[in-house]
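Have the sequence and the coordinates open as you read.

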Amino acid sequence: MAKLIGGLGTSHVPSIGVALDKGQDQTDYWKPLFDGYDYPKQWMKENRPDIAVVIFNDHGNAMFLDRVPTFTVGVADKYAPADEGWGPRAIPHFDGAEDFSWYFADKLVENHFDPMIAREIDVDHGLQVPMELFFGRPEDKWPVRILPIWVNTVQFPIPTPQRCWEMGQILRAAIESYPTDERIVVMGTGGLSHQLQGTRAGFLNEQADRDWLASIGNNPGKWRDLSREDFVEIFGSEGAELIMWLVMRGAMDASVNVKHTHYHLPASMTGAGCIVLENA
Amino acid sequence: MSDTGKIAQTPLFDRKANIRGYKLNKMAMALVEEHNRQAFKDNEEAYLDRFGLDAVTKAAVMSRDWHEMVRLGGNLFFILKISAIDPTPIISIGAAQAGMTPEDFIKNRLGK
């Protein structure tokens, strides 16, 4: 059977991708952020995943407000990087883990979980940036195939934290019943605190961000049991993206080893951080 | 949308915002295509008219009034595409909404 090798979380701030495009990752502004990703990159090299499940939200690039799926599972064999308005970025296409993706879609629906299933769709910075942070930017091919999962965090009603957790539990069961020997890593993305809209724009909450990183490993229930409005209030209107880490955390064991955390403030207008978890 | 909801100074992008800002967001979303970016640059007002924007919304876009665009139901992820054509740093967009200069915004909100 396939194996869940670990769960990682990270911010997916678009300006991180821009910094890479401009070769600014070693500047005084960006180096402290990128340094925190040396460990996860090394971890990926040593743990050699075949498939990365990436949970993220679209930011008005592949999806418009004409139809807003709460959850979307990608089943494509290939995903192009989205043109977000600045022109396409010079990064390779992503190969899809087509078979496992369809398998997961089946398992979700069998378990009374009803996503949109997408087979022709671009992926924006929400997926690109975590891939670049955790794997480095390859010349022509990413070292893993991907299963992208989109979560609506843009338009209310967004899903509850509890529902994200439940999706993670089904993901775990799907991995463990999938009849190959592939190694699968789960990446929850988004956050940490930030707010881009309204007069509270620029809101950051360093204390809550540090608390999140310190407790998502071994006390995730305190976050799972919050309301969506709590997330907005504590982490900012866009910081509520953190609910997507709960899909990753829900896929892991109750008890985990926290191998690494990193926090840097601010990356553009965002509290940026990452975590590496292994089942205990 | 209104900042006077349940969470202080924080507009939730909800049903009301979707309805109020739909045309504005649709106009901005179309800018992911190069030919629309070109049309916007060539004749902004004609481009906006294609999407049936009302006079108030059109004025907000043409004056790059970010606070007003959000008040009118614009969602930042969509209207940000305007800033890709007419380069405006995200920090200036944040500062405009907070009613601060970018310098004060960086210091007071982002702690730099």
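Is Arg64(B) buried or exposed? With a relative accessible area of 18%, Arg64(B) is buried, where buried means under 20% relative accessible area, exposed over 50% and partly exposed in between (1.4 Å probe, protein chains only).

A word on the ground rules. This is a predicted model, in which local features need pLDDT of at least 70 and side-chain atom pairs count only at pLDDT 80 or more, while totals for chains, interfaces and linings use all residues. Residues are numbered from 1 along each chain as its sequence is written, chains are lettered from A and ligands numbered from 1 in the order in which they are written, and side-chain values use heavy atoms, with hydrogens and water left out.

**Salt bridges**

A salt bridge here is a side-chain nitrogen of Lys or Arg within 4 Å of a carboxyl oxygen of Asp or Glu. Over all chains the count comes to 23 salt bridges. Some of them are set out below.

| Pair | Closest N to O |
|---|---|
| Arg64(B) and Asp86(B) | 2.8 Å |
| Glu45(B) and Lys58(B) | 3.1 Å |

Arg64(B) forms its salt bridge with Asp86(B). Arg64(B) lies in the loop between H4 and helix H5 (66-71) of chain B and Asp86(B) in the loop between helix H6 (76-85) and helix H7 (90-98), so the pair ties together parts that are 22 residues apart in sequence. Helices (H or I, at least four residues) and strands (E, at least two) are DSSP runs, numbered from the N terminus. Asp86(B) is partly exposed, at 30% relative accessibility.

Glu45(B) and Lys58(B) also form a salt bridge. Because Glu45(B) sits in helix H3 (residues 44-50) of chain B and Lys58(B) in helix H4 (residues 55-62), this pair ties together parts that are 13 residues apart in sequence. Glu45(B) is partly exposed at 38%, whereas Lys58(B) is buried at 14%.

In chain A, Asp21(A), Arg89(A), Glu132(A) and Arg137(A) are linked in a network of salt bridges.

**Where the chains meet**

Counting heavy atoms within 4.5 Å as contact, 35 residues of chain A are in contact with 39 residues of chain B. The two chains bury about 3,300 Å² between them, 64% of it on carbon and sulfur atoms; buried area is the accessible area (1.4 Å probe) that two parts lose on being put together, summed over both.

**Two buried residues of chain A**

Phe94(A) belongs to strand E5 (residues 94-95) of chain A and is buried, at 1% relative accessibility. Leaving out residues up to four places away in sequence, Phe94(A) touches several residues, including Tyr79(A), Leu127(A), Met131(A) and Trp142(A).

Arg172(A) is found in helix H6 (residues 161-177) of chain A and is buried too, with a relative accessible area of 15%. Beyond its neighbours within four places in sequence, Arg172(A) is in contact with residues including Leu4(A), Met252(A) and Asn279(A).
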